[in-house]
Amino acid sequence: MAEGARIAVVGVSPRPICGVRDHAFLLAGALERENVSCSWHWLQSSERSLSGSYSEMRAWTRALTGELEADRPDAILLHYSVFAHSYRGIPLFVPPMIAALRRTGVPVITIMHELAYPWMLGGLKGAVWAASQRAVLIDVVRASTAILVTIDFRAEWLLSRPWLPKRPVAVAPVFSNLPPTTVVPPVDRAVPVVGLFGYALESATVALVLDAVRRLSDRGVELRLRLLGSPGRSSAAGEMWAAMAQSRAIADSLSFSGTLSAQELSDALAGSDVLLYVDPMGPASRKGTLAGSLASGRPLVALEGRRRWQQLIDSDAARVIPRTSAALVEAIQTLLADSEARQALGERGGRFAEDTMGVARTAETVMGFLGDLPALHGARGPASLG
């Protein structure tokens, strides 16, 4: 069925800037290049009150049912992020959306961007989120013919939960949503720029990075730490970075790009001498910030975290170092002193982003599911559709 198939792309965006929607749009383009026809059925949510959100979702699901029944696609490609279907973290709008899809009887391939909030975080509120989001996940999995996730531990988690229906699960890393750069990478300059894409972080990580900048300054290494993209200087995250830099007497070494267009962000990444990736999880295949940083072709220094992506480490596509300020100081200083090492590391990162994290890999995985749909959907039996 794969080549020449007709699929309906379905999803919800709670905000105008939405990485899931960008992912869906680029993936649809890649599928169409493989002769798969894609129709678009996406809700851009504009309501903020409970009653307004409920009415908006109800109207959209009714229209969605009619559109799908009229189009009769071969498959539905659902982009699922649980908080996009929630009101203040409670997944109130998942059941009506899933019911609308199941009424069509069309096979559903679900790309699970966010499954459920983790246990043991966020106190009582976090416990309510975790419990309610797992409850609706049962129905999402039941309605799915096949599932795609962006990191291996999520596949393992889905397959190991005895309370979830069993479905085929595949893994394809998140790809960069950014366009190719239009700038020439920098050569050695007097004050190098160290860029960080994805800086809404907890205070311990902010302190680690800024301590490294302070120690580099004490060694006579002058640089500019540039925080790239949203949320910007005036956000809570931006204020924390600014205050903590001020307390270390390095405020002049910190700058913010502010919110950028996709092209501007791509150019800002490519215009950095060195890039950092400091998420507490570590460099992981589910993070668009990692994909965008690698795809820029600039050398990336990544701090180890709770997860270890061995394929990235084995490919030497990024310099993955212990999660300490001292290790970060040495990595940055070494790279800034060696332009050939910077270029070589950036080139390896760019190749890794294209070969391992590219949109073509995700499209190939979806195509594989499409080819297997008759057997997969038939094996589930009619009881699983209703």
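**Figure 1. Cysteines C38 and C18 in the predicted model.** C38 is buried, with a relative accessible area of 16%, where buried denotes under 20% relative accessible area, exposed over 50% and partly exposed in between, for a 1.4 Å probe and protein chains only. C18 likewise counts as buried, at 9% relative accessibility. The structure is a predicted model, in which local features need pLDDT of at least 70 and side-chain atom pairs count only at pLDDT 80 or more, while totals for chains, interfaces and linings use all residues. Residues are numbered from 1 along each chain as its sequence is written, and side-chain values use heavy atoms, with hydrogens and water left out. A search of the whole structure for disulfides (pairs of cysteine sulfur atoms within 2.5 Å) returns zero. The closest cysteine sulfur to that of C18 belongs to C38 and lies 17 Å away, too far for a bond.

**Figure 2. The open six-stranded sheet.** Six strands, in the order β9-β8-β7-β10-β11-β12, make up an open sheet with parallel pairing. β9 (254–256) and β12 (319–321) are the edge strands; each has a single partner strand, so one side of each has no neighbour in the sheet. Neighbouring strands are turned by 25° against each other on average, direction ignored; the axes are lines fitted to C-alpha atoms, with angles running from 0 to 180 degrees between N-to-C directions. Strands are DSSP runs of E with at least two residues, helices runs of H or I with at least four, numbered from the N terminus. Pairing requires at least two DSSP bridges between two strands.

**Figure 3. Pairing of β8 with β9.** Strand β8 (residues 224–228) pairs with β9 in the parallel sense over three bridges. L225 stands opposite L254 in β9.

**Figure 4. The second largest pocket.** This pocket has a volume of about 370 Å³. Its lining comprises 20 residues, of which S176, L178, P179, P180 and A295 lie nearest the centre. Helices α8 (262–270), α9 (288–295) and α12 (339–355) each give two or more residues to the lining. By class, the lining has eleven nonpolar, seven polar and two charged residues. On a 1 Å grid over the protein atoms alone, a pocket is an open set of points with protein on both sides within 12 Å along at least five of seven lines, a cavity is a set where a 1.4 Å probe fits but cannot get out, and lining residues have an atom within 4 Å of a point.

**Figure 5. The second largest cavity.** The count comes to two cavities of 30 Å³ or more. The second largest cavity holds about 40 Å³ of space. Among its lining residues are V141, I147, K166 and R167.

Terms used:
Grid points are joined across faces, edges and corners, and a volume is the space filled by probe spheres set on the points. Ala, Val, Leu, Ile, Met, Phe, Trp, Tyr, Cys and Pro count as nonpolar, Asp, Glu, Lys and Arg as charged, and the others, Gly among them, as polar.
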